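Welcome! Please take a look at the sequence and the structure before reading on.

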Amino acid sequence: QMLQSTSTVVSDVFYLSTPNQITGDAQWDFWVNLQFSTSSANYMDVFLASDSQNLTKTKNGLFVRIGNTKDDVSVYEIRNGVQKLLLDGQDGKTNTKKIRIRVTCEDSWLQLWVDYEGGTLFQIEGATTTYRTGSGYFGILVKQSTASFHQKHFVDDIYAGPLIKDTLVAQVTQVDLSIEDQIQLTFDDVIVNTELTKYTLSNGYGSPDNITLDLNGNVALLSFSKPITNGNYTLQIQTLIDIQGNRGDTSIAFIVIRALKPKSGDLLVTEIFADPTPTLGLPEQEYIELYNT
C-alpha cells in the first residue's frame, strides 16, 4: 500500500502528477525509500508545485531533489525554465535510505525538515524566502539508469495542503533508569534546551549535575550526584523548548522500584528431605525446601 516505480526502461525519466491548488501558507510531507545508491543518473524529484502536468516540461515550480551527485536532500525552484538551488541539505545522506521529508511555507518563509531514519524526529536543514507558484500540479519525477536501479523507488505518507501548525510542546513518552544515578527521558519531538536549573527532581535531589542529548535530540540523560533510591518521584521541567519553538512547563511522575542486591542469608535451605525406604506413601523423589526472605 505505497507507491512503487514500475519502469524497466534503461536511462528513463518518468513521472506521476496530479492537480493541486495551494494558496497561502502550505505544507508538504512525504516518506521515501530509495533502495539504491543515488547519483547524478539516479535520483528522485518531488514537485511541490509545477505549472505543467508533464513534470519534464515545468517552466515555473518548486521541487525537492533526493539524491544526485552530492547524495543530499535539497530544494530547488524553477523560474522561466531555469533551476536555482534554494536549500542545500547535508551531503552523503540518501544512499539506500528511508527518509521522511517535510517542507513548510509560512509568510513566504520556506523551511526544509528531514528525518534521515524515516521517522518524525525532524531536524531543520535550512530556511529561506522564496518565489512561490500558487497553482498547478504536485508530482514525483524519477531519473534512473541501468536495470539495477529499476523498480526500487518507494513513496508513501504524502500530504500536500494547508500548513499544519505544531503548537504543542514536546512530551515525555518514556522514563528509564538503567543506571543508579541517571534518568533517561525520551521525548516525542526534538528538544533544544538543556539548562540544568530547568529540571528539578523531588525528594531532595534538585537539579541534575549534567544533561546530555543524544544525536537525534529527543533523548535527554540526566545525571545526579547520588543514586536514585526506590520511591515515588516527580520531575519538574520549566520552560521546555522543542525544535518547533513551542515552550511550556511539564511534570512527570514516576515510581522507582529497583530490586535490591542479594546478600548472604537472603535465601535459606529450610528442609532437606531424603528419599526414605520404604516410601511409606511418599513420592519417589528427594527434595530440598528453599525460603526467600
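## About the model

This is a predicted model: local features need pLDDT of at least 70, side-chain atom pairs count only at pLDDT 80 or more, and totals for chains, interfaces and linings use all residues. Residues are numbered from 1 along each chain as its sequence is written, and side-chain values use heavy atoms, with hydrogens and water left out.

## Overall shape

Let us begin with the whole chain.

Of the 293 residues, 42% count as buried. Here, buried means under 20% relative accessible area, exposed means over 50%, and partly exposed lies in between (1.4 Å probe, protein chains only).

## A covered strand and its partners

Strand E11 (residues 137-144) is mostly covered, with 6 of its 8 residues buried. Strand E2 (residues 12-19) pairs with E11 in the antiparallel sense over 8 bridges; two strands pair if DSSP finds at least two bridges between them. In this pairing you can find Val13 opposite Lys143 of E11.

Strand E4 (residues 43-50) also pairs with E11 in the antiparallel sense, over 6 bridges. There, Met44 stands opposite Val142 of E11.

## An open sheet of four strands

Further along, 4 strands make an open antiparallel sheet in the order E13-E14-E17-E16. Its edge strands, E13 (172-176) and E16 (210-213), each pair on one side only. Direction ignored, neighbouring strands of this sheet are turned by 20° against each other on average; the axes are lines fitted to C-alpha atoms, and angles run from 0 to 180 degrees between N-to-C directions.

E13 is joined to strand E14 (residues 182-187) by 4 bridges.

## Salt bridges

A salt bridge is a side-chain nitrogen of Lys or Arg within 4 Å of a carboxyl oxygen of Asp or Glu, and the count comes to 7 salt bridges. One of them joins the side chains of Arg102 and Asp29 (2.9 Å, N to O). Arg102 lies in strand E8 (residues 97-106) and Asp29 in strand E3 (residues 26-34), so the pair ties together parts that are 73 residues apart in sequence. Arg102 is partly exposed at 23% relative accessible area, while Asp29 is buried at 12%.

Another salt bridge links Glu77 and Arg79, with the closest N and O atoms 3.7 Å apart. Glu77 is buried, with a relative accessible area of 5%, and Arg79 is partly exposed at 39%.

## A nonpolar patch

Finally, Leu267, Val269, Ile272, Ile288 and Leu290 make a nonpolar surface patch of about 530 Å². Patches are made of residues with over 30% relative accessible area and no salt bridge, joining like charges within 9 Å and nonpolar side chains (Val, Leu, Ile, Met, Phe, Trp, Tyr) within 5 Å. Areas come from the Shrake-Rupley method with a 1.4 Å probe; for residues, only the protein chains shown count as cover.

Strands E20 (267-273) and E21 (287-292) each supply at least two residues of the patch, and E20 gives the largest share, 3 residues. Val269 is found in E20 and counts as exposed at 52% relative accessibility.
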